[in-house]
Amino acid sequence: MYRYDEYDHALVKQRVAQFRDQTQRRLAGGLTEDEFKPLRLMNGLYLQLHAYMLRVAIPYGVMSSAQLRKLAYIARRFDKGYGHFTTRQNIQFNWPKLEDVPEILEELASVEMHAIQTSGNCIRNTTADQYAGVAADEVEDPRVYCELIRQWSTLHPEFSFLPRKFKIAVAGASQDRAAVRFHDIGIVIRSDDQGEVGFEILVGGGLGRSPFVAKTIRNFLPKKHLLSYLEAILRVYNQLGRRDNKYKARIKVLVFETGIDKFTQLVEEEWRHIENGALTLPAEEVARIKGQFAPPPYEDLENGPPELGVRQQTDTDFARWTLINLVPHKQPGYAIVNLSLKPIDGVPGDMTAEQMDTVAGLAERYSFGEITSTHEQNLIFAHVRQKDLFDLWRQLKKAGLATPNVGLISDIICCPGMDYCSLATARSIPVAQRISDRFRDLKQQYDIGELRLKMSGCINACGHHHAGHIGILGVDRKGEEFYQITLGGSADENAAIGQVIGPAFSSDAVVDAVTVVVETYLQLRQNAERFIDTYWRTGPEPFKEKLYAAH
Amino acid sequence: MALQIITANRLGDGFVVYLTALGALSQRITDAVVFLDAAQSEQRLTALGAANGVIDPYAIEVTTGDNAIVPVRLRERIRAFGPTMETGRAVLPLTVAAA
C-alpha cells in the first residue's frame, strides 16, 4: 500500500498544527462560529444532532492494521467505543469533543491518516473497486490512479472552493463495483482495440435531490493524460457551475443543462491548452506509484486445497459463508474475503473498537496486514490463503464479523439518518434493523438471492437509495416519518435510477411493504432470475398492484 | 402560543444543552426553563446567541406534564434523549440450521 513521502508527512503535520491553533482561538473566543465553521469543515469536523462528528479519510478504502488499531484507539479514548464506515469508504466518529480534535488529528498523522477534504466544496476522497489489485476480472489496479488523483487534488489551489463538493470513483474492471456512474467523474480502466490500457471517462453522475447516471465524455483516454483531462473537466465546472443555488451547483446539473455534446466540446477546448503540459503523467512516476501497490509475497499455491473441501462438506455454516462472502482471487490458492458489517439487528457499517483491534490482528495473520473498507459499508481481506479460510472464519464468527449475507437483503447500505444527522428528515437505522430482523432467516435470504437494498434518511441520498434494487427514502410528513419506496435502481455497469413505486408508507407499514415487494418477486421470478432482472422484465405494475391492492 | 424552551450545542464538546431558569446551560432537558411568552424567549435567545460557549441556539416547542418536558418534534426528542437504537454494540452473526 501507499506510504507517505516527506511531502505528505509535512503537509499533514502542518495541517494538525494549523487546526490546533484555530481550535484554541475558537475556544478562547477569538474566532466566531461563522469564521470557524469553514475551517473545521476543511478538517472533516461537522456538528451533528448530539455532538461533533469527525470524518476521517481512508483513501480508496485501503488501511494497514496499524491504522485500524489507531482508529480503535481513537474510538476508545476520544469517542464512545465505536466508529461508522461510510459509503465513501471513510470512517466517522460520532462523539468527539472539539477540544480533543487536534490531538485526534495528531494521532491520525502518526499513522499517515488525516481528515483533510472529507468535507467542503472540494474534491473528496476518491473511491475505488473494493477488490482492487486482486480481482480476477481486473484490467489494472485502480488504486494506482486513485493515488495519483489524491496527490493532484489534495489542496489543489484552483479547486479548493468549487461550486459544490466533487466526487470521483475509479473501477478497474468492466464489472462496476465502485458505482462510478453515480459520481461527478467516473473512471473505468479498459483496453482499446489495440490492447492499450487507458480510461473511459464519465461525467455528471450523482444521487441526491436530482439523480443522474453519468454520461461518457471520452471513450478512451491514454493513461498519461488522466490528470490533464480531469483538470480540464474541473476547470469548465469551476467556471460554469452555478454558485447561486446549492441545489443546482453539482456538475450533474451543469452537464444536464449544457448537454453532453456541448459540455464535451468545452472540456476538449480547455484540454487542448494543457494536453501536453505539466500534468502529463511521467511513466517513471506512474511506475513508482505502481511499485507501492505491488502484490504481497504470495506463496505458490493451487486452488481448492483438500482441507478446504473437507471443511465445506462437514460444516454447513462455513460452506454457506464461503459461498456468499468470498470472491475469486487472481492468485491461485488465495481468496478475497468480505467481512460483513451488517449483522442481523446491527447498525449497518458500525464497528466497535474491540472488533477493530481483532480485525487488525487477523489482517496481520491472514492478509498481509491490509484491510479495505467498501462503499457498501463492509470490510475486505484481500489476500487470504484458501487453506486458512476455516481458521479465519471461526475467529471472525467469534467477533461477529462472519454474517454470511454479502449482497443479500440484509446487507443494507444505510446512512446514519435522523439518529445522528442534522440534515436527515427521518430515521433510517431502526428501519434497516427491522428489515434485517424481518429477513433474519438466512435460508430465506439465500432463496431470495442477490438483492441490493439501500436506504437514506433524507433526499441527499447518502444511503444511495436511488441506486438500490429496492430503495427507501425517509421523509417528513407533518412531523411524522414516512418512507418512499423506489424499485429498479442499480449501481453497477447497468446503472439505473429506481422508480418511485407509489405513495410513501408510514414507519409502521414500511417493513410489511418491503416484504410484499419481495414476495411479489418470488411469485414472478423465472428460474434463477435475480430480483432486479425480474423487475426489469415485468416493470413496476405487478409490484404496484400488490403493494396498493388494499387502497 | 406553544410552550418553548431554548436549546443549543455546547462549543467545547458539541453536546446538546438547554437554558435553565438561572441562565446556566444543562445537558438535562428537565432543567430547562419553559417560556410561555414568545417575547421572553426571544430576548433570552438573543442574549444566549451572543455568548461564546454555545453554537446556534434556538427555541423549540415542548409539551409538559408528569414532571416531564418533551419536545414536540421527533428530531428534538432524539437530540434530548439520544439515538433511538442501541449504539456501539457488537452483534454476533446467526448461523443457518443444517438442512
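Reply: Helices and strands are named here as DSSP runs, a helix having at least four residues and a strand at least two, and they are numbered from the N terminus. The model is predicted.

The second largest pocket has a volume of about 700 Å³. Its lining is made up of 29 residues, and those closest to the centre are Tyr131(A), Gln175(A), Arg177(A), Glu450(A) and Arg452(A). Two elements of chain A give two or more residues to this lining: helix H11 (316–325) and strand S11 (326–328). The largest share comes from S11(A), with 3 residues. By class, the lining of this pocket holds 13 nonpolar, 6 polar and 10 charged residues.

Side chains of opposite charge can pair when their charged atoms come close. The partner of Arg177(A) is Asp137(A), and the closest N and O atoms of the two are 2.9 Å apart. The pair counts as a salt bridge because the rule asks for a Lys or Arg side-chain nitrogen within 4 Å of an Asp or Glu carboxyl oxygen. The two residues belong to distant parts of the chain, 40 residues apart. Asp137(A) is in the loop between strand S6 (127–128) and helix H5 (142–153) of chain A, while Arg177(A) is in the loop between strand S7 (168–171) and strand S8 (185–191) of chain A. Over all chains, the count is 48 salt bridges.

Of the 14 residues lining the largest cavity, Tyr2(A), Tyr4(A), Pro59(A), Gln67(A) and Glu112(A) are the closest to its centre. That lining divides into 9 nonpolar, 2 polar and 3 charged residues.

Last, the contact between the chains. The size of an interface is often given as the accessible area lost when the parts come together. For chain B and chain A the buried area is about 3,300 Å², with 64% of it on carbon and sulfur atoms. Chain B puts 33 residues into the contact and chain A puts in 48. There are 0 salt bridges between chain B and chain A, but 8 residue pairs, both residues at pLDDT 80 or more, are in polar contact across the interface. On the chain B side, strand S1 (4–10), strand S4 (54–65) and helix H2 (74–81) each give two or more residues. H2(B) gives the most, 4 residues. The chain B side that touches chain A has 18 nonpolar, 9 polar and 6 charged residues.

Technical notes
Residues numbered from 1 in each chain as written. Chains lettered and ligands numbered in written order. Predicted model: local features only at pLDDT ≥ 70, side-chain atom pairs only at ≥ 80, totals over all residues. Heavy atoms only, no water. 1 Å grid on protein atoms, 1.4 Å probe; cavity = no way out; pocket = protein on both sides within 12 Å on 5 of 7 lines; lining within 4 Å. Nonpolar A, V, L, I, M, F, W, Y, C, P; charged D, E, K, R; others polar. Contact = heavy atoms within 4.5 Å. Buried area = accessible area lost by both parts, 1.4 Å probe. Polar contact = N/O pair within 3.5 Å; in protein donor to acceptor, adjacent residues only side chain to side chain. Points joined across faces, edges and corners; volume = space filled by probe spheres on them.
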